[in-house]
Amino acid sequence: MSEIHLTGQLVCATEEQAEIVRFHLADHIKLTRAEAGCISFVVAQTRDPLVWSVEERFEDQHVFEIHQRRVAGSKWGRVTASIERRYSIQGLSR
């Protein structure tokens with residue numbers, strides 16, 4: 001299986017959304033980096049205070065899908081569900 005590499009941006013529409021990201025991001029990063037199969041996970045605010053750059057690497061598609069399911073059911077997933085994601089994913093077999 002090949003490595004999965006996700007790159008892109010998390011784009012908030014309002015300062016309220018950005019505050020939600022700032023409040024919950026550290027815990028989300030900590031939990032994701034602790035996942036089996038996570039090679040790297042970096043989310044960093046850009047010069048635009050409403051935009052974060054995102055770069056994720058996972059060992060393979062299976063662990064990436066486990067990560068996606070965990071995130072969808074997590075507090076981070078719930079509180080950021082309405083925030084736009086502009087992602088490109090390389091390595092998926094679908």
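The model is predicted. Strand 3 (residues 51-58) pairs in the antiparallel sense with strand 1 (residues 4-11), and strand 3 also runs antiparallel to strand 2 (residues 38-45). The largest nonpolar core has 19 residues, and the largest pocket holds about 250 Å³ of space.

**Strand pairing**

- Eight bridges link strand 1 to strand 3, and seven bridges link strand 2 to strand 3.
- Arginine 57, in strand 3, is the bridge partner of histidine 5.
- Arginine 57 also has serine 40 standing opposite.

**Cysteines**

- There are zero disulfides in the structure.
- Cysteine 12 has 5% relative accessibility, and because the cut-off for buried is under 20%, cysteine 12 counts as buried.
- Cysteine 38 has 16% relative accessibility and therefore also falls under the 20% cut-off, so cysteine 38 counts as buried.

**Nonpolar core**

- In soluble globular proteins, nonpolar side chains tend to be buried together.
- Within the largest nonpolar core, the residues with the most contacts are Leu10, Val21, Leu25, Val43 and Trp52.
- At least two residues of this core come from each of strand 1, helix 1 (15-33), strand 2, strand 3 and helix 2 (61-72).
- Helix 1 supplies the largest share of this core, with four residues.
- Leucine 25 touches Val43, Trp52 and Trp76, when its neighbours within four places in sequence are left aside.

**Largest pocket**

- The space in the largest pocket comes to about 250 Å³.
- Its lining is made up of 20 residues, and those closest to the pocket centre are Glu56, Val71, Trp76, Arg85 and Tyr87.
- Strand 1, helix 1, strand 2, strand 3, helix 2, helix 3 (75-79) and strand 4 (84-90) each give two or more residues to the lining.
- Helix 2 provides the largest share of the lining, at five residues.
- Trp76 is among the residues closest to the centre of the largest pocket, and Trp76 is also in contact with leucine 25.

Key
Residues are numbered from 1 along each chain as its sequence is written. This is a predicted model: local features need pLDDT of at least 70, side-chain atom pairs count only at pLDDT 80 or more; totals for chains, interfaces and linings use all residues. Side-chain values use heavy atoms; hydrogens and water are left out. Two strands pair if DSSP finds at least two bridges between them. A disulfide is a pair of cysteine sulfur atoms within 2.5 Å. Buried means under 20% relative accessible area, exposed over 50%, partly exposed in between (1.4 Å probe, protein chains only). A nonpolar core is a set of buried Ala, Val, Leu, Ile, Met, Phe, Trp, Tyr and Cys residues joined through side-chain atoms within 4.5 Å. Contact means heavy atoms within 4.5 Å. On a 1 Å grid over the protein atoms alone, a cavity is a set of points where a 1.4 Å probe fits but cannot get out, and a pocket is an open set with protein on both sides within 12 Å along at least five of seven lines; lining residues have an atom within 4 Å of a point. Grid points are joined across faces, edges and corners, and a volume is the space filled by probe spheres set on the points.
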